[in-house]
Amino acid sequence: MSNSAGFDRHITIFSPEGRLYQVEYAFKAVTAANITSIGIRGKHCAVVISQKKVPDKLLDPESVSYIFQISPSVGAVLTGQIADARAAVTRARSEASDFKYKYGYEMPCDVLAKRMANINQVYTQRAYMRPLGVTITFIGIDEEMGPQLYKCDPAGYYVSYKATSTGPKQQEAMNFLDKKLKKLDCAEGDWEAVVELAITALSSVLSVDFRKNDIEIGVVGISEDNRFRKLTVDEIDARLVAIAEKD
């Protein structure tokens, strides 16, 4: 029998090595979905991109999505188990709505990330709730701080990034982005340039030439009011054409 025997049956019990196996399994559930996503912060915008896999030809492609709007100014890409992702989105929307009702202004991206991370952390110490097998990458534009990109994981850890990735090809994508943004505070250019960088990064690590229906993209900072919105299929196609013309 393995050394982990018994210790992975209870979510709240540490193994003798100081590990929580159920929490580690939640991280494995994130990569098991086999979807890689990327988030990049620009000077005046922030972008999230995710693979889009429609498992069945009979499915309506519009109903398959990993990118969600949380509030008018905050969006997120959730990578992992889609059912858990939808539960997390519902909770995040509820928290953002409660904040707006209580304080009279939109919940900032960093405050929402902290709140969701706190909720996730409670799931690691209570036996009646399992951790959600999903990692959340939030983007938003703060009136004081400018564009923001936050990631929070099933263990309840959250941190701000200038660029990040989640999924099975996470490390390869981080290496690619590290080379591109090493000496920069954020990605340069307008939102179109940042979107093209995100597409190039994902395409490069997966070694795939994307078609317009293979990916989905969410952006904040396109319009003056800094609202979050998903790009249409035609807008994605325009960016893919622009990348092809550069090559």
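View 1. At 47% relative accessibility, Arg130 counts as partly exposed, the class between buried (under 20% relative accessible area) and exposed (over 50%), using a 1.4 Å probe and protein chains only. Because Asp84 lies in helix H2 (residues 82-103) and Arg130 in the loop between helix H3 (109-123) and strand E5 (134-142), the pair ties together parts that are 46 residues apart in sequence. Helices (H or I, at least four residues) and strands (E, at least two) are DSSP runs, numbered from the N terminus. This is a predicted model, where local features need pLDDT of at least 70 and side-chain atom pairs pLDDT 80 or more, while totals for chains, interfaces and linings use all residues. Numbering starts from 1 along each chain as its sequence is written, and side-chain values use heavy atoms, with hydrogens and water left out.

**View 2. Glu216 and Lys230, strand to strand.** Here the closest N and O atoms of the salt bridge are 3.4 Å apart. Glu216 lies in strand E9 and Lys230 in strand E10 (residues 228-230), so this pair ties together parts 14 residues apart in sequence. Glu216 is buried at 4% relative accessibility, whereas Lys230 is partly exposed at 35%.

View 3. Asp225 pairs with Arg227, with the closest N and O atoms 3.4 Å apart. Asp225 is partly exposed at 48%, and Arg227 is partly exposed at 45%. Elsewhere, Glu192, Glu196, Arg239 and Lys246 are linked in a salt-bridge network. The count comes to 13 salt bridges.

**View 4. Arg41, buried with no salt bridge.** Arg41 lies in strand E1 (residues 37-41). The nearest side chain of opposite charge, Asp185, is 6.4 Å away; Lys and Arg count as positive, Asp and Glu as negative, with His and the chain ends not counted. The backbone oxygen of Tyr161 does lie 3.2 Å from a polar atom of the Arg41 side chain. Residues touching Arg41 (heavy atoms within 4.5 Å) include Pro147, Leu149 and Cys186, leaving aside residues up to four places away in sequence.

Definitions and conventions: A salt bridge is a side-chain nitrogen of Lys or Arg within 4 Å of a carboxyl oxygen of Asp or Glu. A polar contact is a pair of N or O atoms within 3.5 Å; within protein, one must be able to donate a hydrogen and the other to accept it, and residues adjacent in sequence count only if both atoms are side-chain atoms.
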